[in-house]
Amino acid sequence: MRRGRSRSSLLLLGLLIASIAFAQGTAQGSPGKPAKPAPQIVFEASALVASGLTSGRTVVWFGVEHRIDTEYSGEMAQHYGTGTVAADGTARLDLGHAVAPRSFWVAVDLDGGDFVVAAPDGYRLAKPQKPAHLEVGQGSKADELLDERPYLMGLMVRPKEGAWAFAGGDGGPRDEDGKNDGHLRFALDKFDPLPGSPAAPARLQGNDLWFVVDPLTMEISVHQGGIAQ
């Protein structure tokens with residue numbers, strides 16, 4: 001698992017932390033066979049357990065934590081990773097530290113594209129008023145993700161193919177125009193592949209899943225086929 005800088009918390013949490021979440025499952029039932037349940041995430045003191053996934057296949061993890069200490073200074077951490085789903089349809093992500101109360105977590109079933117977005121109990125899942133949007137590149141130029149916010153972290157998943165991470169700020173190395181001008185542009189083909197994934201594609205597809213987080217305001221949006229949900 002790859003993650004940004006983080007530090008352990010001494011906050012004592014209960015063994016099991018409730019959560020709020022939204023999920024999407026695509027599997028349908030058949031006569032004599034119940035439909036597969038939508039994925040869920042359960043929070044433990046220093047780990048997450050996702051269920052409702054395809055056994056033996058790949059789960060993709062994405063998380064953003066924003067901690068604020070007693071002096072009101074903030075610390076942000078991003079988490080990306082992949083794992084193999086157990087025979088019972090579950091997957092576990094061990095963090096090695098207490099789950100931040102202000103955090104978002106995503107688990108995606110790479111095989112079918114089912115996913116769940118969750119936050120620890122007591123924290124809201126807030127959507128931005130103006131989410132990022134996608135733009136088709138002209139000529140040989142790669143397609144892009146555009147936004148007017150100063151910094152974003154995110155994940156793109158193409159079911160059955162791979163997953164790619166991105167993060168950066170307006171005017172930074174990942175901003176295609178390189179200017180601090182209120183226009184943040186990420187080129188799709190420069191995203192970072194997660195383990196087991198090929199190099200990032202240059203073109204969007206209709207089944208792509210996007211999870212975009214503003215770590216400053218802690219807002220999250222989910223895009224499917226280029227449309228914010």
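**The cavity and its setting**

Modeller: A search of the whole structure turns up one cavity of 30 Å³ or more. Keep in mind that this is a predicted model. How do we look for such a space? Rolling a probe the size of a water molecule over the atoms shows where empty space is left. Here the largest cavity has a volume of about 30 Å³.

The lining consists of R174, E176, F186, A187, K190 and F191. By type, three of the lining residues are nonpolar and three are charged, with no polar ones.

Next, step back to the strands. The protein has 19 strands and zero helices. Six of the strands make an open sheet, in the order β16-β14-β13-β17-β18-β19, with antiparallel pairing. Its edges are β16 (192-193) and β19 (227-228). Each edge strand has a single partner, so one of its sides has no neighbour in the sheet.

Within this sheet, take β13 and β14. Strands of a sheet pair through backbone hydrogen bonds. Strand β13 covers residues 151-158 and strand β14 covers residues 162-169; eight bridges join the two. One example is G154, whose bridge partner in β14 is F166.

Finally, the whole protein. Of its 229 residues, 47% are buried. Take the contacts with a separation of 6 or more: 65% of them join residues 24 or more positions apart. The accessible surface is about 11000 Å², and carbon and sulfur atoms account for 52% of that.

Technical notes: Residues are numbered from 1 along each chain as its sequence is written. This is a predicted model: local features need pLDDT of at least 70, side-chain atom pairs count only at pLDDT 80 or more; totals for chains, interfaces and linings use all residues. Side-chain values use heavy atoms; hydrogens and water are left out. On a 1 Å grid over the protein atoms alone, a cavity is a set of points where a 1.4 Å probe fits but cannot get out, and a pocket is an open set with protein on both sides within 12 Å along at least five of seven lines; lining residues have an atom within 4 Å of a point. Grid points are joined across faces, edges and corners, and a volume is the space filled by probe spheres set on the points. Ala, Val, Leu, Ile, Met, Phe, Trp, Tyr, Cys and Pro count as nonpolar, Asp, Glu, Lys and Arg as charged, and the others, Gly among them, as polar. Two strands pair if DSSP finds at least two bridges between them. Helices (H or I, at least four residues) and strands (E, at least two) are DSSP runs, numbered from the N terminus. Buried means under 20% relative accessible area, exposed over 50%, partly exposed in between (1.4 Å probe, protein chains only). Contact means heavy atoms within 4.5 Å. Accessible areas come from the Shrake-Rupley method with a 1.4 Å probe; for residues, only the protein chains shown count as cover.
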